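Welcome! Please keep the view open as you read.

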Amino acid sequence: MCYWNLKLGFPFQRIPHAMGIVLCRVWRKVVRPGDIVIDATCGNGHDTLELAKMVCADNASGYVYAFDVQEDALANSSYLLDQHLDSVQRKRVKLLRLCHSQLEKIVGETAVRLVTFNLGYLPGGDHTVITNVDTTIQALQASSNVLQPGGLISVIAYVGHSGGREEFEAVMNFAANLPTREWICSQHEWVNRPLSPRLILMCKR
Ligand SMILES: C[S@@+](CC[C@H](N)C(=O)[O-])C[C@H]1O[C@@H](n2cnc3c(N)ncnc32)[C@H](O)[C@@H]1O
């Protein structure tokens, strides 16, 4: 599929990395039409779009909250959603220019099925605007509070850029310390590619 990059002004191909394909399959096992889900790092909107299609399938009135701190990211996401969703589905996605650490204030008591993070910087955008350990951990804590039983927190972390490995290790530490009675956590990576994206899954029982 071809998308228009508003900032760079040229069309680009989205080639999902293999971990993204695995993750999408996991989402499909968890997310149901009508669910409320959160994209904590909406970026160019590809994950937001996939999730919107899942929660709005069969004319269900699911809802996606999508957070990003960058105006460019929200503009790109809005453009992508306008292209691929009908007007009813489009109204089921709320784009928020807000740090994901604030997510609990936005969703309140709502029972959320999935919170997803794709850490790092905006592809094709400003590489200095990047997720960081402090707010990522605050957002994970908030996500664990709003998640309903049977729900999932998914994180894709990158270890190749400066600060990326520390952020990955902080996420791993967060997951490893969730109580065993309530959570099942796992980590996935391609063993013959040392810098491949890491996928961390936290399933609430
Ligand atoms: C790897 S990109 C996400 C890609 C996106 N999932 C997609 O499908 O295009 C990471 C995004 O996180 C955003 N970000 C950085 N710090 C953030 C924060 N504290 N809260 C929310 N988003 C943040 C960046 O602006 C960037 O757009």
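His100 counts as buried because its relative accessibility is 7%, where buried means under 20% relative accessible area, exposed over 50% and partly exposed in between, with a 1.4 Å probe and protein chains only. This is a predicted model, in which local features need pLDDT of at least 70 and side-chain atom pairs count only at pLDDT 80 or more, while totals for chains, interfaces and linings use all residues. Residues are numbered from 1 along each chain as its sequence is written, and side-chain values use heavy atoms, with hydrogens and water left out.

**Around His100**
- You will find His100 in the loop between strand S5 (93–97) and H5; helices (H or I, at least four residues) and strands (E, at least two) are DSSP runs, numbered from the N terminus.
- The His100 side chain reaches the backbone oxygen of Ala40 at 2.8 Å.
- Not counting residues up to four places away in sequence, His100 touches Ala40, Thr41, Phe67, Phe117, Thr131, Thr135, Thr136 and Ala139, contact being heavy atoms within 4.5 Å.

**The ligand**
- His100 is also one of the residues that come nearest to the ligand, along with Asn44, Asp47, Asp68 and Gln70, out of 24 around it; a residue is near if one of its heavy atoms lies within 4 Å.
- An N or O atom in the side chain of Asp68 is 2.6 Å from an oxygen atom of the ligand, and for the side chain of Gln70 the distance is 2.9 Å.
- Taken alone, the ligand exposes 610 Å², and the protein buries 96% of that; these areas come from the Shrake-Rupley method with a 1.4 Å probe.

**Helix H6**
- H6 covers residues 133–146, and its 14 residues should span 20 Å at 1.5 Å a residue, which agrees with end C-alpha atoms 20 Å apart; the expected span is 1.5 Å times one less than the number of residues.
- Among the buried residues of H6 are Thr135, Thr136 and Ala139.
- Helix H5 (103–107), strand S6 (112–118) and helix H7 (164–176) are among the elements that cover the buried residues of H6.

**Val69**
- Val69 sits in the loop between strand S4 (63–68) and helix H3 (71–84).
- With 43% relative accessibility, Val69 counts as partly exposed.
- Leaving aside neighbours within four places in sequence, Val69 is in contact with Arg97, Leu98, Cys99 and Val129.

Methods. A polar contact is a pair of N or O atoms within 3.5 Å; within protein, one must be able to donate a hydrogen and the other to accept it, and residues adjacent in sequence count only if both atoms are side-chain atoms.
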